[in-house]
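Here is a short report on one structure. It covers strand pairing, one hairpin loop and some backbone features.

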Amino acid sequence: MPFVHKKNIWSIKDNLITSESIFEKRREILKKIGASYLILPGSFLFPYSAQASTKSLYPPPINEFYKVNRDLTNESYATTYTNFYEFGSNKNIWRKAAKLQTKPWSLSIEGLVNNPLKIDVNDLIKKIGGIEERVYRFRCVEAWSMTVPWAGFPLSKIISLVEPKSDAKFVKFETFYDPEVAPGQKQKWYPWPYQEAITIEEAKTDLSFMATGIYGKELPNQNGAPLRLVLPWKYGFKSIKSIVKISFVNERPIGMWERIAPNEYGFWANVNPNVPHPRWSQATEQLLGLDGRIPTMIYNGYAEQVSSLYKNLESKLKEQLFK
Ligand code: MTE
C-alpha cells in the first residue's frame, strides 16, 4: 500500500539541515519593524500592490492568531520528507520534483459559480490582496507529523471572488497531469490526476488555507508549488498539492485515495486518535526530527474551530467522519 514509507526518515544528513535560527532571525526583524499583527483569524493580508513580484512578498507578515505551542519542525525535514506520488513513492522525490515548471501557472476556478476564473496564480495572489503566515500542526495519516509556518491566504478569499451558486455543495481540487514531468503518473493503476474535495462549509472555515509558501519563502516544488491546500484538522492526504483546477460541484467527489482504498481512506479524513487506521493505531504520532512519539489530538488540536461543522453529522450520514 502506497502510504508505507520504507526509508528511515531520521537518517537525513546534517549538511541538508539549514539553520532554523536564520528563520527565527527573520521573524525577529519583522517583529521589530512592526510587521506582525495580533488579530482575528484571516483578517490580515500583506498588501500586494506595492510589490514587483511574488518573491518580494516573502517573508510575509505573521498572523499571530495561528500559533502552535510546540517547536517548529526543522525546515530540512519538512521539505525533504515529502509525499508527492506524482514523482514517485520514495523519499528521493524532493529532487525529482525540481522538474516541475511552476511559472507561469494557470489555475481554473469553475463549476457552479457566478464568476468563473482562469488566472495565473501570481495574479490571483494580487487579486486577493496578498499573503500571510500561519503556523499549523500537520498530521499525516501515516502517523508522522510536523509543525510548519505556511504562507498563503484563506480559501474563503477564493469563495468570495467566484461567488458559488446556492446548489454548490462541494469544492473539488485537482493536481496537474503531465507524466513526462511527473514519472509517477506513468503508473496507470493510480487514478490520476490526484484529486480531493471538501464541503463548501469546510471550505469557508477560516482554517482552510491555500499555501503559496513555507518557512518564509515560496513553496519548494516538492511541497506543492505554486499553490496547495492545507487543512490542518484533517489527515495530510486531503492537503492536495500543485493545484490546477478548483470546481464547485453539487455531487460529492471521490478523492484519489478513497478511490484506491475506500476501506482505509474516506471523504472526511478528520484526525481522531481513537479511530485507528485498519492497519495501524492513530493514537500517537512521530514529530519529524524528534525522538519518541506524542499523543495525537482530536481534530489535530483544532476542535474549537471545526467541531461544530460535524455536529450530528455522523448519525445523520451514517458514515465514518474519521477516515
Ligand atoms: N498532493 C498530491 N498532488 N500528490 C500527493 O502525493 N500527498 C498527500 C498530500 N498532498 C500528495 C498530495 C499526502 S499523503 C500528504 S501527507 C501531504 O501531501 C504531504 O505534504 P508534505 O509533503 O508537504 O509534507
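## Strand 6 and its partners

Strand 6 and strand 13 run parallel, joined by two bridges. Strand 13 spans residues 284-287. Within this pairing, Trp144 faces Gln286 of strand 13. The model is predicted.

Strand 9, residues 209-214, also pairs with strand 6. Here the sense is antiparallel, with five bridges. Pro154 sits opposite Phe209 of strand 9. Strand 5 is another antiparallel partner of strand 6, and eight bridges link the two. Glu133 has Ala151 of strand 6 as its bridge partner.

## Burial of strand 6

How many residues of strand 6 are buried? The count is 11 of the 11, so the strand is largely enclosed by the rest of the structure.

## The hairpin loop

Strand 5 covers 132-139 and strand 6 covers 144-154. Together they form a hairpin with four residues between the strands. Glu142 lies in this loop. Is Glu142 buried or exposed? Its relative accessibility is 14%, and the cut-off for buried is under 20%, so Glu142 counts as buried. The side chain of Glu142 also makes a polar contact with the side chain of Trp144, at 2.5 Å.

Ala143 is buried, because its relative accessible area is 5% and buried means under 20%.

## Another positive phi

Tyr215 is found in the loop between strand 9 and strand 10. Tyr215 has 1% relative accessibility, so it counts as buried.

## Cis peptide bonds

Tyr58 and Pro59 are joined by a cis peptide bond. Omega there is about -5°. Pro59 lies in the loop between strand 1 (36-37) and strand 2 (62-63).

A cis peptide bond also joins Ala225 and Pro226. In this case omega is about 0°. Where is Pro226 found? Its place is the loop between strand 10, residues 217-218, and strand 11, residues 228-230.

Methods: Residues are numbered from 1 along each chain as its sequence is written. This is a predicted model: local features need pLDDT of at least 70, side-chain atom pairs count only at pLDDT 80 or more; totals for chains, interfaces and linings use all residues. Side-chain values use heavy atoms; hydrogens and water are left out. Buried means under 20% relative accessible area, exposed over 50%, partly exposed in between (1.4 Å probe, protein chains only). A polar contact is a pair of N or O atoms within 3.5 Å; within protein, one must be able to donate a hydrogen and the other to accept it, and residues adjacent in sequence count only if both atoms are side-chain atoms. Two strands pair if DSSP finds at least two bridges between them.
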